[in-house]
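I opened this notebook page to keep track of what I looked up, one region at a time. The entries follow the order in which I went through the chains.

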Number of protein chains: 6
Amino acid sequence: MYVDLPPDRLREYRAEREAPADFAEFWEQSLAEARTHPLGLQVTAVDTPIRTLDTYDVVFHGYDGHPIRAWLKTPKDATGPLPVVVEFPGYGNGRGDVVESLEWASAGFAHLSMDARGQGAAGSRAGATPDPVGSAPSHPGFMTRGIEDPATYYYRRVIVDAVRAVEAARALDIADPERVAVVGGSQGGGLALAAAGLVDGLAGVVSCVPFLCHIDRAITITDAHPYAEITKYLSIHRTKAPAVLRTLSYIDGVHFAARATAPALLTVGLMDPVCPPSTVFAAYNAYAGPKDLLVWPYNAHEGGGVEDLRASMAFLAPLLDGR
Amino acid sequence: MYVDLPPDRLREYRAEREAPADFAEFWEQSLAEARTHPLGLQVTAVDTPIRTLDTYDVVFHGYDGHPIRAWLKTPKDATGPLPVVVEFPGYGNGRGDVVESLEWASAGFAHLSMDARGQGAAGSRAGATPDPVGSAPSHPGFMTRGIEDPATYYYRRVIVDAVRAVEAARALDIADPERVAVVGGSQGGGLALAAAGLVDGLAGVVSCVPFLCHIDRAITITDAHPYAEITKYLSIHRTKAPAVLRTLSYIDGVHFAARATAPALLTVGLMDPVCPPSTVFAAYNAYAGPKDLLVWPYNAHEGGGVEDLRASMAFLAPLLDGR
Amino acid sequence: MYVDLPPDRLREYRAEREAPADFAEFWEQSLAEARTHPLGLQVTAVDTPIRTLDTYDVVFHGYDGHPIRAWLKTPKDATGPLPVVVEFPGYGNGRGDVVESLEWASAGFAHLSMDARGQGAAGSRAGATPDPVGSAPSHPGFMTRGIEDPATYYYRRVIVDAVRAVEAARALDIADPERVAVVGGSQGGGLALAAAGLVDGLAGVVSCVPFLCHIDRAITITDAHPYAEITKYLSIHRTKAPAVLRTLSYIDGVHFAARATAPALLTVGLMDPVCPPSTVFAAYNAYAGPKDLLVWPYNAHEGGGVEDLRASMAFLAPLLDGR
Amino acid sequence: MYVDLPPDRLREYRAEREAPADFAEFWEQSLAEARTHPLGLQVTAVDTPIRTLDTYDVVFHGYDGHPIRAWLKTPKDATGPLPVVVEFPGYGNGRGDVVESLEWASAGFAHLSMDARGQGAAGSRAGATPDPVGSAPSHPGFMTRGIEDPATYYYRRVIVDAVRAVEAARALDIADPERVAVVGGSQGGGLALAAAGLVDGLAGVVSCVPFLCHIDRAITITDAHPYAEITKYLSIHRTKAPAVLRTLSYIDGVHFAARATAPALLTVGLMDPVCPPSTVFAAYNAYAGPKDLLVWPYNAHEGGGVEDLRASMAFLAPLLDGR
Amino acid sequence: MYVDLPPDRLREYRAEREAPADFAEFWEQSLAEARTHPLGLQVTAVDTPIRTLDTYDVVFHGYDGHPIRAWLKTPKDATGPLPVVVEFPGYGNGRGDVVESLEWASAGFAHLSMDARGQGAAGSRAGATPDPVGSAPSHPGFMTRGIEDPATYYYRRVIVDAVRAVEAARALDIADPERVAVVGGSQGGGLALAAAGLVDGLAGVVSCVPFLCHIDRAITITDAHPYAEITKYLSIHRTKAPAVLRTLSYIDGVHFAARATAPALLTVGLMDPVCPPSTVFAAYNAYAGPKDLLVWPYNAHEGGGVEDLRASMAFLAPLLDGR
Amino acid sequence: MYVDLPPDRLREYRAEREAPADFAEFWEQSLAEARTHPLGLQVTAVDTPIRTLDTYDVVFHGYDGHPIRAWLKTPKDATGPLPVVVEFPGYGNGRGDVVESLEWASAGFAHLSMDARGQGAAGSRAGATPDPVGSAPSHPGFMTRGIEDPATYYYRRVIVDAVRAVEAARALDIADPERVAVVGGSQGGGLALAAAGLVDGLAGVVSCVPFLCHIDRAITITDAHPYAEITKYLSIHRTKAPAVLRTLSYIDGVHFAARATAPALLTVGLMDPVCPPSTVFAAYNAYAGPKDLLVWPYNAHEGGGVEDLRASMAFLAPLLDGR
């Protein structure tokens with residue numbers, strides 16, 4: 001069943017809230033701090049059962065110089081320069097195992113699949129990157145760690161990591177730094193929008209059923225996790241709603257979308273209770289670059305699934321030809 | 001939590017029921033009938049975004065000569081002869097999309113992924129093969145179609161299809177017919193055991209968290225679907241239990257296992273309510289060929305997941321070297 | 001709680017979609033094909049513990065000449081001509097046992113209770129009629145069998161069976177063919193509307209909490225089964241929505257209602273998530289014959305239950321007096 | 001799935017607890033008190049749509065002389081003497097509507113269907129009999145009303161009503177007092193056992209999936225309602241377990257069974273979490289009269305359903321012939 | 001997630017229904033009848049482990065002179081006159097244990113915590129007061145006992161008890177009868193509103209997330225218990241809705257609120273499915289005295305929890321100073 | 001329903017696993033490291049509405065010198081020396097608000113209620129103490145933070161904090177350091193056992209329905225949270241079970257119990273799925289000091305609730321008299 005506004009109202013749905021006045025400054029400063037640490041890119045070939053691809057264990061330095069792990073996969077013996085697809089994981093997942101997620105590299109791209117720090121022990125794909133930063137009291141999960149201040153918020157760190165992942169991708173020997181795209185679904189889709197808003201010159205953005213969009217609305221229209229972590233937090237720390245909502249406004253995909261310029265493909269499921277469609281439409285309608293949206297009327301949070309993957313590949317295929 | 005006997009009792013658990021006296025005859029006759037139809041193998045190259053593999057749309061004739069679809073994937077420009085991994089799908093799933101399930105071909109095998117007739121509209125991977133045969137009254141799902149007689153039972157048809165899939169695999173131009181293995185998880189694992197019991201000369205059998213084993217016990221120790229379809233059927237057709245249990249005895253993985261000779265790898269999750277561990281141990285302990293078992297103490301029906309895949313690849317890796 | 005529009009909006013709710021242009025032709029042709037087979041009516045007395053009624057096992061030929069079973073119950077030693085109540089079963093149910101459903105015959109009617117082919121192993125009443133027709137990949141259940149083409153759709157067959165059941169009722173020795181009514185609840189109510197739209201000269205139509213009405217809307221406003229089978233199908237076969245919606249438009253109760261002329265009684269529960277009230281109001285408001293509607297504000301899919309039965313009996317009572 | 005001991009252990013399962021020493025005295029006194037009130041039998045013909053039966057609204061005086069309502073149904077124009085089937089309702093239900101429950105009278109019996117005082121607003125069949133007695137604090141439902149003392153316990157009143165219903169049945173003009181049987185399912189089955197233990201000369205006892213048996217065990221092996229009402233009560237009134245268990249020992253079907261002499265048919269579902277099978281076997285194995293047990297291996301609380309009804313009719317059929 | 005109207009519409013939401021014409025007369029008469037019985041106040045010191053408070057077991061006579069129990073707690077060796085906080089319990093709860101609910105007395109008030117007759121075996125706090133009055137058939141719980149007539153309705157009795165509790169409070173030796181406030185949450189909040197509408201001269205009213213407000217709407221917008229008891233009742237006793245709604249109109253908090261004059265503090269959770277916010281706003285907007293409302297956007301039925309307690313204490317703190 | 005072994009087997013149930021060889025050394029070293037930081041005790045009076053108690057905001061230095069917050073409550077104007085009850089919170093909770101948890105101080109004790117670092121945003125009582133330490137990938141919650149090494153495990157830090165809380169209690173001006181007891185329920189009960197095993201000279205230990213006992217078993221017999229966090233972690237990090245189980249063996253209450261000497265009161269609910277009874281009996285049977293156990297047969301994780309509180313107060317009451 002539809003879980004949100006009717007389709008015709010979704011089409012025009014826009015968020016009303018503005019980004020905080022110092023939004024750009026906040027992120028400039030956050031990235032500047034991270035860049036005081038060297039990128040520290042390490043790329044180590046690993047032996048795997050996959051014969052059609054080359055696989056590398058990648059480490060780079062993210063927020064506060066913390067080491068972040070990723071897998072790099074490339075077509076066997078490719079020489080490059082290759083377009084790079086930087087992928088961000090869904091909530092609870094990490095970069096997974098080397099025998100998983102072969103699609104992008106098999107399609108001819110260099111594929112850099114990043115861990116979300118501290119995650120990777122709840123979904124289906126394991127992570128290998130610690131988050132060395134602690135937190136004030138938080139609800140189980142990652143959504144409310146350090147949430148009372150943008151400076152300490154968990155997603156500040158992850159978004160800085162995501163931007164640094166793009167920088168790492170561009171620094172790869174095999175990469176064509178002009179042809180770097182970001183992709184992801186759910187949390188990964190939210191991080192792709194964040195990267196789109198913070199990184200110049202991306203060749204493409206794919207954000208499937210994105211999470212972390214129009215969060216102030218999301219927490220009032222769904223009780224599904226992980227948005228519900230925030231609601232639960234506020235149900236106990238009742239007087240902290242203003243601080244929490246302020247923090248969230250710094251990482252909301254709607255505000256990143258409004259600052260993006262790269263061509264983007266978004267997707268949305270009209271029966272998605274996890275990332276309700278109006279929150280995705282709010283991001284889509286705010287998106288400032290060229291854009292397209294795939295609407296799946298009968299899907300929940302799986303969205304277009306393999307159809308989203310196929311559409312993403314078609315959307316980014318021109319990059320393989322050097323465009 | 002553990003959902004079945006304690007681990008030490010599982011280790012030695014055996015089913016007590018015998019196969020029906022005419023078990024072998026039933027299957028010989030079923031296969032002989034199918035073989036009165038030509039195999040009708042068609043292999044058609046298809047265009048896909050996957051550049052590291054060649055993909056083919058395969059059709060062969062299964063039970064009663066019905067056309068069955070499969071995907072064949074091989075490493076790009078491989079010349080063969082290659083070992084072939086024949087994969088059977090999990091319940092509700094079909095062969096899926098060409099951009100899914102790249103692992104086996106990327107690891108160097110020819111990979112033939114078969115539809116389960118009529119399925120492919122409930123899991124995550126779509127099917128493309130009809131089941132043209134109707135049924136007496138049945139519970140929603142596939143478990144009870146034609147269940148009151150082995151001759152009309154749905155799984156008789158699917159198992160014949162599975163055997164014919166192995167024959168199709170051996171008939172592929174690129175195949176080394178001496179190096180054909182069967183793999184699958186859940187329903188696919190049950191079908192792999194069936195193939196192991198019905199086909200001579202298989203090079204390997206991988207059966208992860210197999211379904212369709214020790215079914216008479218399974219329906220008394222779990223209320224999870226799809227075994228529950230049988231229980232629900234019997235809860236309404238109360239007087240048909242003897243006929244139904246008789247039918248099931250012809251397709252029980254325990255009896256196929258007792259007739260198998262190829263080396264096999266099985267896996268089991270001790271917290272799996274869908275395919276409870278004692279039913280898997282019953283099949284493993286009955287298995288007549290060389291065998292190994294991976295026991296995952298803290299997993300439900302996902303079993304070893306990517307670890308199962310890695311172990312399967314290691315188990316079948318010698319085939320890539322011609323062994 | 002109310003599960004749909006508020007009561008005042010329900011009252012005027014109408015579906016906007018038109019029937020397909022060839023709707024009438026489709027059904028004329030479907031029925032003409034069925035009528036190329038003889039009706040093949042067989043009526044066999046059966047021995048039961050019920051002393052106040054005579055019970056007969058009835059077989060007639062439905063779609064494609066397939067045999068369809070029904071129970072005929074009449075007051076003990078009744079000589080006729082009697083009015084006949086033809087009843088269609090709810091989803092998952094069949095005609096049941098001879099000691100069940102004594103109400104209509106005990107009230108003085110001849111009662112012909114038909115099986116829904118292939119069903120009768122999921123509700124509480126067993127069926128005895130196979131559906132010999134197979135299907136392309138389908139979601140567990142009956143809703144999506146052959147759903148991509150009206151010609152192959154499961155409900156095409158069942159609706160033809162329902163029309164033939166009325167023809168069988170009229171052909172019974174004991175029947176007054178001018179006094180035949182159709183009744184049913186849920187799926188049975190949907191089939192009663194279909195019969196009302198396809199059969200001339202019915203003496204009455206009772207459709208309680210009907211299923212199969214305004215289906216295109218139903219699948220967007222409820223996630224309850226069995227409508228959800230369609231949604232699940234479309235969530236996997238994502239590109240097939242146009243074909244599926246087209247097929248459904250041929251069996252939608254709203255379109256049958258618009259072609260009906262017999263006096264009808266419908267009922268609806270305002271808290272019914274299975275057959276949401278707006279879909280029933282859409283059928284009621286489209287109904288072209290004399291009509292009445294019982295609205296149960298505090299009921300879910302049980303609707304008026306025994307009150308619906310009593311009202312149905314009162315509605316059809318004039319038939320007992322020859323009217 | 002099986003919800004209790006394995007079948008072979010069920011077969012021999014017996015409760016270990018003894019009835020309280022004054023069990024017989026308690027009931028003699030309770031009945032004697034009730035009999036200080038006249039039976040007050042009133043039988044009033046009612047007009048119904050059911051033409052094959054005569055229906056009467058019956059009132060008699062039960063516990064403390066409170067009026068208890070029942071329906072009497074007899075085959076149309078029957079003259080008697082007829083055997084009488086006294087039926088007790090399932091938990092939450094009352095005698096229902098006159099157009100329901102036609103089976104027993106249609107099979108030739110006089111059928112007296114009693115209300116359970118205060119119930120009839122939770123199941124599917126409405127009741128019409130108040131319970132004018134209040135209660136100390138109780139958990140929602142009827143299980144814990146007055147539970148701290150056998151003298152004030154709700155079921156003391158209902159069981160007295162049930163015995164008085166048999167007396168009312170024997171006093172009916174149309175009845176053969178030598179041919180009175182008691183029947184019921186779930187709570188009704190428990191009340192049938194109570195009647196069997198308290199009334200002499202019953203012609204038969206049918207107790208399907210009986211509730212209220214081996215209650216001290218039941219509350220430790222299931223968390224299903226209505227047994228769970230007791231557990232919830234004890235979870236709050238923690239120090240009252242001895243008093244509560246003592247009270248329950250006065251109404252436990254196991255103790256009534258041990259005092260019964262009439263021939264009995266019991267039924268049980270091995271997958272019944274509401275009335276777990278060991279509690280039914282305990283009653284069956286304690287039953288002191290001739291007895292039979294129908295075991296349904298794949299059924300939950302629906303037990304044998306229509307098969308139970310058919311078996312009950314066959315079991316009591318000899319009464320129709322005057323035996 | 002928000003479970004009701006959007007916040008801006010809630011702010012102005014008003015119930016449209018009028019109180020019954022004889023509302024005032026009904027309650028005057030009900031209270032007059034109760035007052036024909038002496039108040040019968042008994043106050044007995046009890047020994048507890050709590051050293052900072054004095055605790056007394058209180059009994060007074062409520063509806064029909066039935067004895068009602070309460071705890072009185074006062075600061076150790078307080079001499080008075082003290083302001084008294086009369087507290088009514090949440091649904092299913094009673095006055096609890098003497099070591100619970102120390103807050104109000106520890107804050108300096110005399111605290112009189114009343115039982116709700118018959119309750120106290122379902123929540124977490126036990127009750128000790130029987131309800132000696134029986135009922136016509138009712139749904140499990142207290143909501144539908146005697147519901148077809150205001151004269152027999154359960155809540156008529158409880159509300160009379162609540163008014164008598166205030167009278168008992170004023171009659172306490174230690175009390176300043178000019179400084180008596182009523183407080184409660186959920187059911188207790190509903191009873192506080194009832195007392196506010198029926199008692200003159202209250203010094204304050206605290207009604208947290210009140211139950212029993214705008215009940216006719218509540219039963220159509222939530223399926224949560226205990227409102228759902230009413231819906232379930234009506235789903236079986238389908239023809240009794242007018243009588244039931246009439247009864248409920250006599251105990252609806254909206255109508256009491258419209259007659260109140262004392263200063264009041266109400267609270268509401270916008271995510272509360274148990275007492276949906278529009279029903280609380282309806283009561284608040286109808287409240288005729290000075291008033292304030294705490295709105296908790298992210299809370300369910302726990303409402304403001306400890307923040308509600310703190311706000312209540314601040315609201316009533318002036319009473320401690322003799323105001 | 002009982003959720004574990006039958007009561008007679010529980011009585012004698014013992015864990016078989018030994019503590020790690022360096023268990024004592026591990027904790028000596030952990031505590032020694034913490035003690036390299038000054039205790040840093042700060043006690044600041046706070047203004048509250050509670051007039052019968054004095055309340056203080058307490059900070060002390062725990063693991064690695066991190067500041068840990070607690071509330072100290074004492075009877076108004078008490079001069080001491082007083083016995084001190086140190087309380088540890090349940091999972092997800094913190095020290096709460098000053099108007100909560102008045103019982104111990106009201107009973108005459110000094111009551112020191114400690115935060116669990118990082119918690120206090122999931123239960124009902126808020127926390128105010130950060131955990132500044134990050135973690136490798138973890139499952140949502142606190143159970144798996146740093147779980148692959150005892151040195152980095154979250155509970156190492158919390159247990160050190162708990163020991164330091166006792167030291168802080170003894171250092172309070174008002175305290176009699178010879179009369180310090182530790183109490184807690186669930187996680188708090190597990191921490192009380194840990195303190196009992198690590199601190200000499202405690203005057204009493206109250207551990208209600210303790211968590212964190214016989215953890216290796218717990219994760220195989222329940223799927224309830226929070227134990228399930230560990231199972232979920234292991235279901236993804238499949239190869240880490242040995243490391244994880246090793247870590248857990250350092251914080252298992254069974255091993256602390258075996259080292260305890262202070263008199264203890266434990267409680268257990270036989271229907272507790274959160275802390276299954278065999279795990280509590282294992283701790284109780286291992287407990288090396290004087291001990292008593294309250295067994296609540298019909299309770300889940302609420303255990304004895306207020307009865308546990310009363311029993312705890314009675315158990316510790318002699319301390320008030322200086323014993």
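Predicted model: local features only at pLDDT ≥ 70, side-chain atom pairs only at ≥ 80, totals over all residues.

**Entry 1: B:Val306.** I began with B:Val306, which counts as buried because its relative accessibility is 15%, under the 20% limit for that class. B:Val306 is found in helix α11 of chain B, which covers residues 306–320. Leaving out residues up to four places away in sequence, I listed what B:Val306 touches, and the list holds A:Asp97, A:Val99 and A:Glu100 together with F:Arg238.

**Entry 2: chain pairs.** I then asked which chains do not touch. For chain A and chain D I found no contact, and their closest C-alpha atoms lie 27 Å apart. Chain C and chain F do not touch either, with 27 Å between their nearest C-alpha atoms.

Entry 3: Strand β2 of chain C, residues 53–61, is mostly covered, since seven of its nine residues are buried. On one pairing, strand β1 (residues 42–46) of chain C runs antiparallel to β2(C) and is joined to it by five bridges, and I noted that C:Val43 has C:Val58 as its bridge partner in β2(C). These two strands, β1(C) and β2(C), form a hairpin with six residues between them. In the other pairing I looked at, β2(C) and strand β3 (residues 67–75) of chain C are antiparallel over nine bridges, and the bridge partner of C:Thr55 in β3(C) is C:Lys73. The hairpin of β2(C) and β3(C) has five residues between the strands, and there C:Asp64 takes a positive phi near 55°.

**Entry 4: the sheet of chain F.** I next traced the sheet of chain F, where nine strands form an open sheet in the order β1-β2-β3-β5-β4-β7-β8-β9-β10 with mixed pairing. Its edge strands are β1 (42–46) and β10 (291–296) of chain F, each of which pairs on one side only. Neighbouring strands of this sheet are turned by 20° against each other on average, with direction ignored. Within the sheet, strand β2 (residues 53–61) and strand β3 (residues 67–75) of chain F run antiparallel and are joined by nine bridges, and F:Asp57 stands opposite F:Trp71 in β3(F).

Which helices of chain F did I find on the sheet? Helix α4 (residues 154–171) of chain F lies across β2, β3, β4 (82–88), β5 (110–114) and β7 (175–185) of chain F, and it runs at about 145° to β7(F). Helix α11 (residues 306–320) of chain F packs on the sheet as well, touching β4, β7, β8, β9 (264–269) and β10 of chain F, and its direction makes about 175° with that of β8(F).

**Entry 5: α7 and α8 of chain F.** Helix α7 (residues 227–236) and helix α8 (residues 241–249) of chain F pack at an angle of about 155°, with their axes 10 Å apart. That angle makes α7(F) roughly antiparallel to α8(F), and the crossing of α7(F) past α8(F) is right-handed. In the contact, F:Ile230, F:Tyr233 and F:Leu234 of α7(F) meet F:Ala241, F:Val244 and F:Leu248 of α8(F). I sorted the residues of this contact and have six nonpolar, no polar and no charged.

**Entry 6: backbone exceptions.** Most residues other than glycine have a negative phi, and most peptide bonds are trans, so I wrote down the exceptions that I came across. E:Asp77 has a positive phi near 60° without being a glycine; E:Asp77 lies in the loop between β3 (67–75) and β4 (82–88) of chain E and counts as exposed because its relative accessibility is 60%.

Is F:His214 buried or exposed? F:His214 has a positive phi of about 50° although it is not a glycine, its place is in the loop between β8 (204–208) and α6 (215–221) of chain F, and at 6% relative accessibility F:His214 counts as buried.

For peptide bonds, I noted that the one from B:His225 to B:Pro226 is cis, with omega near 0°, and that B:Pro226 lies in the loop between α6 (215–221) and α7 (227–236) of chain B. In chain E, a cis peptide bond joins E:His225 and E:Pro226, with omega about 0°, and E:Pro226 is placed in the loop between α6 (215–221) and α7 (227–236) of chain E.

Key: Residues numbered from 1 in each chain as written. Chains lettered and ligands numbered in written order. Heavy atoms only, no water. Helix = DSSP H or I, 4+ residues; strand = E, 2+ residues; numbered from the N terminus. Buried < 20%, exposed > 50% of the residue type's maximum accessible area, 1.4 Å probe, protein only. Pairing = 2+ DSSP bridges. Axes fitted to C-alpha atoms, helices over the stretch in contact; angles between N-to-C directions. Contact = heavy atoms within 4.5 Å. Parallel < 35°, antiparallel > 145°, perpendicular 65-115°, else oblique. Left-handed = near helix turned anticlockwise from the far one by under 90°. Nonpolar A, V, L, I, M, F, W, Y, C, P; charged D, E, K, R; others polar.
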